[in-house]
Amino acid sequence: MSEPEPDGRLTVDPRQWSRLLTRYREPSSLRSVIEIAITAVPLVVLWVLMWAALGDGYWLGFALAVPAAGFLVRLFMIQHDCSHGSFFRQRLANDWVGRVIGVITLTPYGFWRRTHTLHHASSGNLDHRGIGDVATLTVAEFQTLPPWRRLGYRLYRHPLVMFGIGPAYLFILQHRLPVGLMARGWQPWLSTMGTNLAIALVVAAMIRLIGLGPFLLVQLPITLIAASIGVWLFYVQHQFEDTFWAHDAGWSFHEAALHGSSHYDLPAVLRWFTANIGMHHVHHLCSRIPYYRLPQVLRDYPQLVAVGRLTLPQSLRCVRMVLWDEQARRLIAFGDMPMAGR
């Protein structure tokens, strides 16, 4: 297998990687059940401890919201694997586990699976943007916008909106309707409305049990922190300087998977809480690999480690990368545009 070039791109045909990785697709039902247990049980325990700590002062309980949000993010990653059919061998098991988790993550499983499938099928394609991705404009597109729409894009891309207001809106409000698929049949509506009903029943039961105030004081910070972490992870996975974007004529699924998805090389503890989702280039090459088998891929094929690699400090610079420069073939900051375009 060939070594990476200086820019981290491999000379080997990306399609060959997809063939090689098919042998990692088989999930272990026992391992999957254990993964659910070691994620869901600590989340429940931390939730109860936060509620119990309310009587001793809110800040003690609030400190527990961070690890609880970490477990909620991990639970979302299990739902994510279920949507790819990679967590259990049986589709029925994947679907029902995904639906149940969707009530906890406020994410309608069937609707999200559909949009996420579209994301995988068109990631990095400039002619098929708009569903399941972070809105990204080219430099030329941004320069032709009227001033008020330029301002709107700048606000959308502002960190406070992208990682603060945006995640709260996405998970609490936007997911309550099948936005993007509202005209595509009854299935997105059934998934969304069924999840909404289940959420309403669970929330009503919890409020009746412990009261509205305590429920909100515990659940809201966990949800908001987890939502921001989730959006940050998704952002870094595709919004980095040397990512891949192309029009239909120059786009290929395998090249976009390998070079348009990052390897977010996080510390071991964060890798565990994020269920190895940082190995995103491998995931896009073969989405049927369970997340607990992704590290084995990098051990067996160390050539893939350097491809699209971002460390935690390096990832912070991705926030500035907001426009695709078709000439330089890289994401750039607003300040990197030609003066006339600013």
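Colleague: Let's start with L106: buried or exposed?

Modeller: The cut-offs are these: buried is under 20% relative accessible area, exposed is over 50%, and partly exposed is in between (1.4 Å probe, protein chains only). L106 has 17% relative accessibility, so it counts as buried.

Colleague: Before we go on, what pLDDT do side-chain atom pairs need in order to count?

Modeller: Residues are numbered from 1 along each chain as its sequence is written, and side-chain values use heavy atoms, with hydrogens and water left out. This is a predicted model, in which totals for chains, interfaces and linings use all residues, local features need pLDDT of at least 70, and side-chain atom pairs count only at pLDDT 80 or more.

Colleague: Back to L106, then: what is its phi near?

Modeller: L106 is in the loop between α5 (91–105) and α6. Helices (H or I, at least four residues) and strands (E, at least two) are DSSP runs, numbered from the N terminus. L106 isn't a glycine, yet its phi is positive, near 60°.

Colleague: R329 has a positive phi too. Is it buried or partly exposed?

Modeller: R329 is in the loop between β4 (323–325) and β5 (330–332), with phi near 55°. Its relative accessibility is 45%, so R329 counts as partly exposed.

Colleague: How far is P27 from F88, C-alpha to C-alpha?

Modeller: P27 is in the loop between α1 (14–20) and α2, and at 8% relative accessibility it counts as buried. Its contacts (heavy atoms within 4.5 Å) include F88, along with S86, F87, R89, P290 and Y292, leaving out residues up to four places away in sequence. P27 and F88 are 61 residues apart in sequence, but their C-alpha distance is 5.9 Å.

Colleague: On to helix packing: at roughly what angle do α4 and α6 cross?

Modeller: F76, Q79, H80, C82 and S83 in α4 meet Y109, W112, R113 and H116 in α6. Axes are lines fitted to C-alpha atoms, for helices over the stretch in contact, and angles run from 0 to 180 degrees between N-to-C directions. Under 35 degrees counts as roughly parallel, over 145 as roughly antiparallel, 65 to 115 as roughly perpendicular, and the rest as oblique. α4 and α6 are therefore roughly perpendicular, with axes that come within 10 Å and cross at roughly 70°.

Colleague: How close do the axes of α6 and α10 come?

Modeller: α10 covers residues 187–210. Y109, G110, F111 and R114 of α6 make the contact with P188, S191, T192 and T195 of α10. The two helices are therefore oblique to each other: they cross at roughly 135°, and their axes come within 6 Å.

Colleague: And for α8 with α9, how many nonpolar residues are in the contact?

Modeller: The axes of α8 (residues 147–157) and α9 come within 4 Å and cross at roughly 60°. L155, Y156 and R157 of α8 meet P159, V161 and M162 of α9. Ala, Val, Leu, Ile, Met, Phe, Trp, Tyr, Cys and Pro count as nonpolar, Asp, Glu, Lys and Arg as charged, and the others, Gly among them, as polar. With one charged residue and no polar ones, the nonpolar count is five.

Colleague: Last one: which strand holds T138?

Modeller: At 2% relative accessibility, T138 counts as buried. T138 touches L126, R129, L323, W324 and E326, leaving out residues up to four places away in sequence. The strand, residues 137–138, is β1.
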